[in-house]
Amino acid sequence: MVKIGSLGKVVTGTTPKTKVPEYYVPPEVDFISPADLGRTRQVYRSEKKLSRRGLEVIRCLPKDAVMCVCIGSSIGKVGMTSKADSATNQQINSIICNDKHDPAFVYYLLRYFAEYWRGFATFGPVPILSKGSFENIKIVVPKTKEEEEIAQCLMAVDAKMEVHMHRKALLNELFSNLLQQLMTAQIRVHDLDLSEREDNETE
């Protein structure tokens with residue numbers, strides 16, 4: 001049993017002053033919020049962005065930092081940074097793992113035990129798990145880093161899932177575009193080539 005704080009350096013995100021346009025324009029760096037976590041292991045792009053100048057006034061995260069939502073209704077969501085430079089808002093505590101632990105394993109560990117560690121939050125109008133409380137939560141880890149290599153198997157499964165999710169998103173986009181064209185008479189049904197679909201159904 002070790003404290004989460006012993007897994008690495010815990011960093012709480014911050015938000016640059018919104019009244020300073022130069023902190024947000026041009027949009028160059030991912031500014032990650034809870035809404036960006038949960039779809040895939042790594043966050044490849046965020047809805048909001050910061051400029052390089054904006055990044056300079058807050059805490060920068062390196063690649064493979066493990067992000068945990070600790071404020072709000074979505075406490076327990078976990079993700080990882082995918083780029084050399086990014087940042088989060090104050091709802092997220094991130095762990096920059098030390099050499100003793102595999103960041104990917106720490107991600108899967110905290111994701112698996114999400115219900116456990118989110119139970120330490122102070123629940124009210126806005127649920128909060130402070131940085132200090134988060135760091136002091138004890139959690140089970142293997143005795144050696146070599147035992148954490150199980151994360152490689154899980155990453156392989158995750159990678160395959162992401163490929164299928166991407167294909168599904170592309171097909172949904174194709175369907176929406178085709179539906180729009182059919183409904184607005186831009187194309188007609190008899191103009192569609194459905195031979196491949198018919199061949200697949202007969203196999």
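**Entry 1: helices α2 and α5**

I began with the pair α2 and α5 (residues 150–183), which pack at an angle of about 75 degrees with their axes 9 Å apart; helices here are DSSP runs of H or I with at least four residues, strands are runs of E with at least two, and both are numbered from the N terminus. The axes are lines fitted to C-alpha atoms, for helices over the stretch in contact, and the angles run from 0 to 180 degrees between N-to-C directions. I noted α2 and α5 as roughly perpendicular to each other, a label that covers 65 to 115 degrees, whereas under 35 counts as roughly parallel, over 145 as roughly antiparallel and the rest as oblique. On the α2 side I listed A104, F105, Y107, Y108 and R111 as making the contact, and on the α5 side I150, A151, L154, M155 and D158, where contact means heavy atoms within 4.5 Å.

I kept in mind that this is a predicted model, in which local features need pLDDT of at least 70 and side-chain atom pairs count only at pLDDT 80 or more, while totals for chains, interfaces and linings use all residues. Residues are numbered from 1 along each chain as its sequence is written, and side-chain values use heavy atoms, with hydrogens and water left out.

**Entry 2: the sheet of 5 strands**

I then traced an open sheet of 5 strands, which has the order β2-β9-β6-β7-β4 and mixed pairing; two strands pair if DSSP finds at least two bridges between them. Its edge strands are β2 (8–12) and β4 (42–43), each of which pairs on one side only. β4 and β7 (residues 78–81) pair in the parallel sense over 2 bridges, and I found T81 of β7 to be the bridge partner of V43. Helix α2 (residues 103–112) packs on this sheet, where it touches β6 (66–69), β7 and β9 (92–97), and its direction makes about 165 degrees with that of β7.

**Entry 3: H101**

Where does H101 lie? I placed H101 in the loop between β9 and α2. H101 is buried, with a relative accessible area of 11%; buried means under 20% relative accessible area, exposed over 50%, and partly exposed in between, with a 1.4 Å probe and protein chains only. Its side chain makes a polar contact of 2.9 Å with the side chain of E148, a polar contact being a pair of N or O atoms within 3.5 Å, of which, within protein, one must be able to donate a hydrogen and the other to accept it, and residues adjacent in sequence count only if both atoms are side-chain atoms. Leaving aside neighbours within four places in sequence, I recorded S6, L7, V106, V141, K145 and E148 as being in contact with H101.

**Entry 4: salt bridges**

How many salt bridges does the structure hold? I counted 4 salt bridges, each being a side-chain nitrogen of Lys or Arg within 4 Å of a carboxyl oxygen of Asp or Glu. K83 forms one with D30, the closest N and O atoms being 3.0 Å apart. This pair links distant parts of the chain, since K83 is in the loop between β7 and β8 (87–88) and D30 is in strand β3 (residues 29–32), 53 residues apart. D30 is buried at 3% relative accessible area, whereas K83 is partly exposed at 34%.

R52 forms a salt bridge with D85, again with the closest N and O atoms 3.0 Å apart. Because R52 lies in helix α1 (residues 52–56) and D85 in the loop between β7 and β8, the pair ties together parts that are 33 residues apart in sequence. Both are partly exposed, R52 at 41% and D85 at 29%.

D64 forms a salt bridge with K63, at 3.6 Å between the closest N and O atoms. I also noted that salt bridges with shared partners join D30, K49 and K83 into one network.

**Entry 5: backbone details**

D64 is found in the loop between α1 and β6 and has a positive phi of about 70 degrees although it is not a glycine. A cis peptide bond joins V25 and P26, with omega about 0 degrees, and I located P26 in the loop between β2 and β3.

**Entry 6: the sheet of 3 strands**

Last, I looked up an open sheet of 3 strands in the order β5-β3-β8, with mixed pairing. β5 (48–50) and β8 are the edge strands. β3 and β5 run antiparallel and are joined by 3 bridges, with L50 of β5 as the bridge partner of V29.
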